[in-house]
Amino acid sequence: MLIYQISLHGSAFDARSLSWEEAIQRSGCRPNRKWRDPLLGRPLLKGEFGCAVSHLRVWEKIAASGRAGLVLEEDAVFDSIDPREVEMSLYEHDSAWLGWRENSLGYWYNAHAYAITPEAAALLIDGFAEQIIPADEWLPKRLAGRSNFFFRPERVKQIPRDTRPSTIEETETMDQDIDFRIITVATEPEKAQVLFRSANMYGVKIINLGDGSDWRDDMAGRGGMPKIQMVNSYLKDVPEDAIVLYLDGYDTFLADSPLEILNRYLGFGADIVFGAEDRLWPESDLHFEPTGTKYKYLNSGCYIGRAGALHRLIAASMIYECHGDDQMFMQHGFLYGRESAVLDAEAYIFQNHEPNIEVVNGQLMNLETNCCGCVYHGNGGVEAKKLFNDLARRFGFKDNDEVRTPYIMTLDYEEVAPEILVCDFLTQRQCDYLIQQSERHGNWGQLDGDKFPAQEIRLKKLGLWHEYERLWHEKLGQIAMKHWKPYQHIGLRDAFTMKYTMDTQRALGFHTDASLVTGSVKLNDAYEGAELIFPRQNFDNTNVAVGRCILFPSDVTHGNYVPELQSGIKYSLTMWTSRFKGHVN
């Protein structure tokens, strides 16, 4: 058996003189921010954090050595200890307690003198670094139900507090030490209601540095330096160790709690974390290193950092020529400054505009990185703003009555053949728009491995995926569930436009769809032939008007085909739904 002493005069982890951020970074451990003392109701003390990390380091040594260990804190006092007696107790038990007390809640505490087996050490190590609480609370919790031996009478006592004051109890709590602020610059506050609503949901207040300013951000082209100036002016009077989260005012919202943002930020181990995107804007000759994802360029619409580091970065960047653009300004500061700064290349905190994103269990899931971000930033053009508004509605931060849709949103429908429904859906203008956008994009083609290949373009490529996903949620899915009870709509799986021409694809073979319910829309009628035919139901879409949607259960009973085109060009829209949860394209 080996004997380990935990002493501040030795190798113990002393967190008392460190800030919480420094203690977390140096230890590589995270405090359990939700923990409260079961008797006093207070959060974790900094001294408790350091003491627990010290115990964890000893447990790691015991587990690695393969030999039992006796752990003594520096305030342990005793006349004598017989190591053989302690070691013998561990032949039949997982732990042996040489000094202990039982509290009013019915379990023992005090970790000033105990011995454990390597197996018990491994049990104590598991998961502790990610949720540090006091060691004398973790030990009985993890060893409950194991074989624990208690020496009676106690072999080891503690130095009385009136003789030697505690090195733990007078240290700061977790809550007292974290100065966390969220700021924005919204000179027209009415345009920032999505951000303010998201903050209200999490019970936090956004500090609006732009309130009362005459400056207006048209969010077009280069510009935005007044935002930097307002932030810098604010940072001058903020304590250096305060953590400041900046979010653009008009196109961001919180998708997770500020506490989660803070935890993730601390896990980066850097003073400043910037959001990242997949294109360099504004165009320049600045060089960014690869990050392991497609997101390697700094976006200045979302960042978090210690106030002192941010203030220094901004001050140092004043020497660079940035043409009045706030993003180029921050890019220079990141690339050439001396502050500890990193990019959030996995969208772990900040999710800038990304069409390939889904809402999963109330979280933003990036299908590129498999991360659920905490902040969404809808930076970009028209399609980016559409996606931002759609996601904001999904999270409840934007009212549905603000939607001005070109779609026909009634839930009326008719059954035109056995289990084939038809409803009004797209206007002629919207059909023309889909054709126009598809042709502008080009690159018609087939999916790899498709048994029935066709000339197609995915709506995700057109930036329209989330718009049609919402339409299924609010209209077509509602009609399907109403007619085919007890069917439950899972979600839109795929959506694509199709094109038939005389010199490319002219027909489509007899098939069923990999879809529970399919939607099909004729986008034009300036062609002959190429009807959508359902032989079992004795139905075709010849007389279905442009823009109306055909709905049918397509997986088994509603096989269909398209005979050869005779003249003209045919365009159509096909929408497939998931057959089970997790069924995606």
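This is a predicted model: local features need pLDDT of at least 70, side-chain atom pairs count only at pLDDT 80 or more; totals for chains, interfaces and linings use all residues.
**Helix α9**
- This helix covers residues 258-268, and its buried residues are Pro258, Ile261, Leu262, Asn263, Arg264, Tyr265 and Leu266.

**Where α10 meets α11**
- Two packed helices are described by the angle between their axes and the distance between those axes.
- Here, α10 (residues 307-317) packs against α11 (residues 326-336) at an angle of about 105°, and the axes lie 9 Å apart.
- Angles of 65 to 115 degrees count as roughly perpendicular, so that's the label for α10 and α11.
- On the α10 side, the contact uses Leu313, Ile314 and Ser317, while α11 brings in Phe329, Met330, His332, Gly333 and Phe334.
- Sort the residues of this contact by class and you get five nonpolar, three polar and no charged.

**The cavity**
- There's one cavity of 30 Å³ or more, and the largest cavity has a volume of about 30 Å³.
- Its lining is made of Lys227, Ile228, Tyr246, Ser300, Tyr303, Asp326 and Met330.
- Helix α8 (225-235), strand β15 (297-306) and helix α11 each give at least two residues to that lining.
- By class, the lining of the largest cavity splits into four nonpolar, one polar and two charged residues.
- Watch Met330: this residue of α11 takes part in the contact with α10, and Met330 also lines the largest cavity.

Definitions and conventions
Residues are numbered from 1 along each chain as its sequence is written. Side-chain values use heavy atoms; hydrogens and water are left out. Axes are lines fitted to C-alpha atoms, for helices over the stretch in contact, and angles run from 0 to 180 degrees between N-to-C directions. Helices (H or I, at least four residues) and strands (E, at least two) are DSSP runs, numbered from the N terminus. Angles under 35 degrees count as roughly parallel, over 145 as roughly antiparallel, 65 to 115 as roughly perpendicular and the rest as oblique. Contact means heavy atoms within 4.5 Å. Ala, Val, Leu, Ile, Met, Phe, Trp, Tyr, Cys and Pro count as nonpolar, Asp, Glu, Lys and Arg as charged, and the others, Gly among them, as polar. On a 1 Å grid over the protein atoms alone, a cavity is a set of points where a 1.4 Å probe fits but cannot get out, and a pocket is an open set with protein on both sides within 12 Å along at least five of seven lines; lining residues have an atom within 4 Å of a point. Grid points are joined across faces, edges and corners, and a volume is the space filled by probe spheres set on the points. Buried means under 20% relative accessible area, exposed over 50%, partly exposed in between (1.4 Å probe, protein chains only).
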